[in-house]
Amino acid sequence: MILRPFRIWLVVALLGVAASAQPQAPTPAPVPQANANPSGADIIPNLRLIDGDIDSVLSMLEMLSGRSIIRPSSLPTTTYTIDIKRPIPRSEAIQVIETVLSLNNIGVTPMGDHYFKVVALAALKTEAPQLISGSTLGLFPSGRVAAKLFQPKYLRIEDFQQQINGLVSPGVGGAIVPFPKANALLVTDTISNLQRIETLMDKLDKPAPEPKFYTLKYAKASDLVQKVQMIMQNPTLQGQLGATPTITADDRTNQVILVAEPQQRKFFDDLISRLDIKADPNTRTDVIYLKHANAKDVASLLTQVISGQNNAAQKLGAQAEIARPQAPGVPNTTQTPHSATSSSSFSSIVTVIADDRTNSVVVNGTQDDIRLVKNLVNKVDVILPQVRIEVVIAEVKLSDNNQTGIDALGLVVDSDRLVGFTGSTAGLSVGGLSKGVDTNGNPTYSSGTYAGINRTAGGYTLSGILGISTTPRFSAANILSAPTIVTTHNKKAEIKVVEQRPVISSYQNTAIGATGTTGTVGTGYLSNISYKDIGITLDVTPLIGDDGSVQMDIKLDVSDPLTDVTIDGNSQPDIETRSTNSFITVKSGQIAVLGGLQKTEYKKGTNRLGPIPFIGDLLGTRTKYKARTDLIFFIRPTILTNTASDNRDAMNQMKKLSINKDLQLTLHPDQKEQPKAKPKFHLPFLH
């Protein structure tokens, strides 16, 4: 660095005073203030430099400031033009020159009171630029380079540095020096940039908002927070609020905690005060009395419906949350099932409990929950259709020419339904049952003994229509049982024609020999006896359709005792079991036929010789023969209409009884027979 005089290439129409041939001694040049009121002696009429070089600019700076210039041997070279034609203060002229130099990557920094150091702008931060200790906002904005220490009170200096990295002048050469322990930042830049950074810090260096606590009187804290978060989800409101506030609930103290800017608090004060008011409870309890359905069944059904709907809503909400990414800084306000109650879905708080004593369901939930539950109950609490099922169990003897009992009886069966007869069989009054059906697919009885009988006419039992004999000795078929049951839709009914026989289920040998050992098998037993059903068991579960059809799930079990067997010295019955499972569909009044449960027995017979029973049986011929039988089940379901026609068959049967008159008086006590009036004798001669 050298100190040398410069030639003055500029002709300045100077200073507003008479120019003196002798140069004035240099005087200190304080940092000018932008709002200073300079005296007339500090006003220059104009400032002009046309295509001057660096030496001309530095000479002008030296003349105006009264300071000597210290510069390196080489500086960036270019041409400079300054053309200010109006009067300006001397201090402002100096700042103009410094700004022009800064724009051309040349920095100026004062050295004491008598010198200016002029270096390349990138090296200025190491040449001790002026350190401004106070505010820069009162200085004239210029390109003069200075340094300032920024020390925020509340901001973290690391965060602040990241924000201003893009604001500093690039020619200064990264003139930002952080001091993390002191939470300070030294910035070297032009006065204009330092002023901008200081203004930015004043705006950002604010204390964190203090939390505000709202103690609620009526509302529940978590419920109120959910409602507020839903309101805050409005995009327009988010733009008006600015910084995103934080609102949380503390149910333990029933308080709402708000962290927000002071200007936002009035909005939340008004909102929370309007929501925290006394109101009717959101939930209520109601008792729904059932007329026909069972309370436990209805409560179980409702619980499954509510649980399934809420599970589906939760899965749908989770999928929507995954598909919708959360924006940074936006609070998570995803609706929970509790807050998503609508007029068409159950809330997550609804409960349904059955009360068997009153056959009712107790429902607790919102008003919408109560309404939805009542709507469902009205649809399921209805009278289920009933069906009367008549069953005739017939045992049919098979000859060698018969494959099944259906063939032996000459039955015409189509899809398990009886549609007619092919002939007459001993013991079976076919009655002219036609092969035709009516428009509904039901068999018709158009001729013969039972002419005119059809489903709508009624008046005859199933056994009466079939006319199967009950005297097995003289008929090919005989009725074993003809029960009638009544059940409802999808409710299993059971028919049993059985006998119970004792069967040893377990036993313990208690006999002790002379030497203390266990005795022989068959002596000293303690037996546990159970009884086993042997006979015919028929289970029917009907499904009644709206079109008059009846679907029947039929399970048949037939068991017969065989010759007893001896097990460990105990006689036990040997049981033969036959079973079938069928599912058939018929119209109301049609007759379904099931068969195929055949049995073969090998028997011995004796032909009596002579009239004397004992001697004739002893001397008669003996034969062995094979007896084959088949069980045929005739099933006729009739859908009940809750009218007098449902009891027509029973009433017709009752009329045939000898005690019909007594039964009628018992069933209808108000229709007692009136005593007959005594006859009045007419004596003509008395008149």
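1. Buried means under 20% relative accessible area, exposed means over 50%, and partly exposed lies in between (1.4 Å probe, protein chains only). By that scale V305 is partly exposed, because its relative accessibility is 36%. V305 sits in helix α8 (residues 295-323).

2. This is a predicted model: local features need pLDDT of at least 70, side-chain atom pairs count only at pLDDT 80 or more, and totals for chains, interfaces and linings use all residues. Residues are numbered from 1 along each chain as its sequence is written, and side-chain values use heavy atoms, with hydrogens and water left out.

3. Leaving aside residues up to four places away in sequence, V305 touches F346 and L376. Contact means heavy atoms within 4.5 Å. L376 is 71 residues from V305 along the chain, with 9.9 Å between their C-alpha atoms.

4. The chain has 14 helices and 30 strands. These are DSSP runs numbered from the N terminus: helices are H or I, at least four residues, and strands are E, at least two. Of its 687 residues, 35% count as buried.

5. Now the helix pair. The axes of α1 (residues 54-65) and α2 (residues 90-103) come within 10 Å and cross at roughly 155 degrees. α1 is therefore roughly antiparallel to α2 (angles over 145 degrees count as such). Axes are lines fitted to C-alpha atoms over the stretch in contact, and angles run from 0 to 180 degrees between N-to-C directions.

6. On the α1 side, the residues that meet α2 include I54, V57 and L58; their partners in α2 include A93, I94 and I97.

Conventions. Parallel < 35°, antiparallel > 145°, perpendicular 65-115°, else oblique.
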